[in-house]
Structures are given as structure tokens and as C-alpha cells.
Amino acid sequence: MISLAFGINNDIELNGVTYPLDLDFSTVLRIFEMFQDDDLEEGYKFAGVLMGIAGLSEDEILDLNDQDKIDLYLKITERITNSFANEVEAEKEFDLKGNVIHEEIKKEDYNLTEDAPYIFASFYKDYKIDLIESRGNLHWDKFNALLVSLSDETKFKKVIEIRQMKETDDMTSEQKIALKKAKKAYALKSSQQAIEFEEMDIKQKREWFAKQQRKSGELIE
């Protein structure tokens with residue numbers, strides 16, 4: 001977390017030992033991408049955090065007892081995810097009548113990996129920051145602060161707006177169709193399946209459920 005008075009703390013302590021962390025935004029993003037890779041074993045991901053963020057060698061990891069390995073892993077993941085949550089999960093702002101006048105983006109509205117092109121273009125538009133050239137020079141906490149402060153005119157914020165937008169009764173049928181197309185075009189992979197499912201008729205939905213059951217070997221003959 002950023003403090004203008006004290007700067008940013010890049011260390012964590014465990015049992016009297018201080019571990020300096022590599023909290024460059026690109027390092028943390030690689031860890032997040034690793035977490036999303038279902039083909040990687042959990043043990044590999046566990047070691048990836050200790051080696052990638054704490055910079056420990058295989059021998060240094062082996063020197064730790066099992067409990068210290070777990071505690072260090074938890075402290076590191078808490079550090080990078082809490083920083084992310086503190087910046088992203090802001091409170092809604094209301095007017096005197098209780099209407100929402102400002103709502104910050106939420107984590108489920110975007111994905112740092114899938115939305116990388118939009119984020120890159122938006123950082124360059126607002127801050128003239130080339131995120132590719134900034135690898136190794138931009139702290140994770142600073143990246144998050146800049147991300148949530150992007151202007152509404154950026155591509156990233158416009159995509160978020162489309163994902164958050166809901167149909168209203170005063171929309172015309174043409175506007176509703178256009179919104180559905182836009183939401184489908186910009187849907188995250190995690191949301192895409194839900195959108196496609198809603199477009200199915202009853203027969204298609206039953207076939208979809210049957211297919212999922214067959215995949216898991218749970219279909220009852």
C-alpha cells in the first residue's frame with residue numbers, strides 16, 4: 001500500500017527473518033497468470049511464489065520447515081492480493097437521495113491478463129506510460145493506483161462500462177440488441193459462457209447440462 005509519508009514497504013518478516021520482495025508489476029502479473037493456468041500443478045505454483053516474489057533459491061526453500069514455507073507463501077499472496085483489493089474495491093458514492101453517482105470498478109469486471117491490450121493503450125493515453133518498457137521500473141502498488149485512476153475516456157474504462165451496463169425499461173429494442181452484442185464482444189472468458197448459456201433455449205440448455213455431466217462422468221443412464 002502506498003504511503004506518501006513513508007513510501008512503500010517491500011519487505012515481510014517471518015520468525016525474525018526479513019524477506020525483501022520483488023514487487024515490480026510485471027513480476028506480480030506473471031504470478032497471477034501462473035495461478036490461472038490450470039495445467040500447472042499446485043506445487044509448482046507454490047514454489048513459483050516463493051522463488052518469483054521472494055527470490056528464494058531451491059536450496060533456500062528446502063532449508064525452510066513446512067510450516068514456514070506455508071506461512072511465507074500466505075504472507076506473500078496476502079501482500080499482493082490485499083494491495084490489489086485495497087485499490088480496486090472502492091466504496092460507492094451516493095447523492096443525497098441515495099442514488100449511486102460514482103462506482104469504482106470491481107475485480108470481477110476485468111481481468112489483468114485478458115484486458116492487457118486495453119490496459120496498455122489506456123496507460124499510454126492517460127499517462128504516456130509504455131507498460132512494456134516500464135517492466136522492472138513500475139511498482140505493483142503504483143500500477144494499481146494508476147489503473148483505478150484511469151479517465152473515463154480510456155478504452156479500458158469504456159470496456160468496463162459496457163460490462164457493468166444493464167438493460168433498462170426505457171431502452172428501445174434496438175438499444176437492447178446493441179448492448180447485448182457489445183457485452184458479448186467484450187465479455188471475459190469467465191462471463192462468456194454465462195452469456196452464451198442465457199441465449200440458449202430450453203432444449204439447448206438441457207443438452208448443455210448433459211454434456212457437462214458426461215465430461216465429469218456423472219451422467220446417470
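This section describes the fold, the helix contacts and the nonpolar core of a predicted protein model.

The model is predicted, so that local features need pLDDT of at least 70 and side-chain atom pairs count only at pLDDT 80 or more, whereas totals for chains, interfaces and linings use all residues. Residues are numbered from 1 along each chain as its sequence is written, and side-chain values use heavy atoms, with hydrogens and water left out.

The secondary structure of the protein comprises 10 helices and 4 strands. Helices (H or I, at least four residues) and strands (E, at least two) are DSSP runs, numbered from the N terminus. Along the sequence, these elements follow the pattern β-β-α-α-α-α-β-β-α-α-α-α-α-α. Of the 221 residues, 32% count as buried; buried means under 20% relative accessible area, exposed over 50%, and partly exposed in between, with a 1.4 Å probe and protein chains only. Among contacts with a separation of 6 or more, 56% join residues 24 or more positions apart, where contact means heavy atoms within 4.5 Å.

The chain's strand pattern begins with a hairpin, formed by strand 1 and strand 2 with 2 residues between them. Strand 1 (residues 11–14) pairs with strand 2 (residues 17–20) in the antiparallel sense over 4 bridges; two strands pair if DSSP finds at least two bridges between them. Within this pairing, Glu13 stands opposite Thr18 of strand 2. Asn15 lies in the loop between the two strands and has a phi near 55 degrees, a positive value in a residue other than glycine. Asn15 counts as exposed because its relative accessibility is 60%. A positive phi of about 55 degrees is also found at Lys128, which is not a glycine. Lys128 is placed in the loop between helix 5 and helix 6 and is exposed, with a relative accessible area of 57%.

Two helix pairs were examined. The axes of helix 1 and helix 2 come within 10 Å and cross at roughly 175 degrees, which makes helix 1 roughly antiparallel to helix 2. Axes are lines fitted to C-alpha atoms, for helices over the stretch in contact, and angles run from 0 to 180 degrees between N-to-C directions. Angles under 35 degrees count as roughly parallel, over 145 as roughly antiparallel, 65 to 115 as roughly perpendicular and the rest as oblique. In this pair, Thr27, Ile31, Met34 and Phe35 of helix 1 meet Tyr44, Lys45, Gly48, Val49 and Gly52 of helix 2. By class, the residues of the contact divide into 5 nonpolar, 3 polar and 1 charged. Here Ala, Val, Leu, Ile, Met, Phe, Trp, Tyr, Cys and Pro count as nonpolar, Asp, Glu, Lys and Arg as charged, and the others, Gly among them, as polar.

In the second pair, helix 5 (residues 116–127) and helix 7 (residues 155–164) have axes that come within 7 Å and cross at roughly 130 degrees; the two helices are therefore oblique to each other. Tyr118, Ile119 and Ser122 of helix 5 make the contact with Lys155, Phe156, Val159 and Arg163 of helix 7. This contact has 4 nonpolar, 1 polar and 2 charged residues.

The buried residues of helix 7 are Phe156, Lys157, Val159, Ile160, Ile162 and Arg163, and they pack against helix 5, helix 6 and helix 8 (173–185). Ile162 is buried, with a relative accessible area of 17%. Leaving aside neighbours within four places in sequence, Ile162 is in contact with Leu179, Ala182, Lys183 and Tyr186. The C-alpha atoms of Ile162 and Asp109 are separated by 9.7 Å, although the two residues are 53 residues apart along the chain.

The largest nonpolar core has 34 residues, and those with the most contacts inside it are Leu72, Ile76, Leu112, Trp140, Phe143 and Leu147. A nonpolar core is a set of buried Ala, Val, Leu, Ile, Met, Phe, Trp, Tyr and Cys residues joined through side-chain atoms within 4.5 Å. Two or more residues of this core come from each of strand 1, helix 1 (25–36), helix 2 (42–52), helix 4 (66–88), helix 5, helix 6 (140–148) and helix 7; helix 1 gives the largest share, 6 residues. Leu112 is placed in the loop between strand 4 (100–102) and helix 5 and is buried, with a relative accessible area of 13%. Leu147 touches Tyr110, Leu112, Ile119, Phe123 and Phe156, not counting residues up to four places away in sequence.
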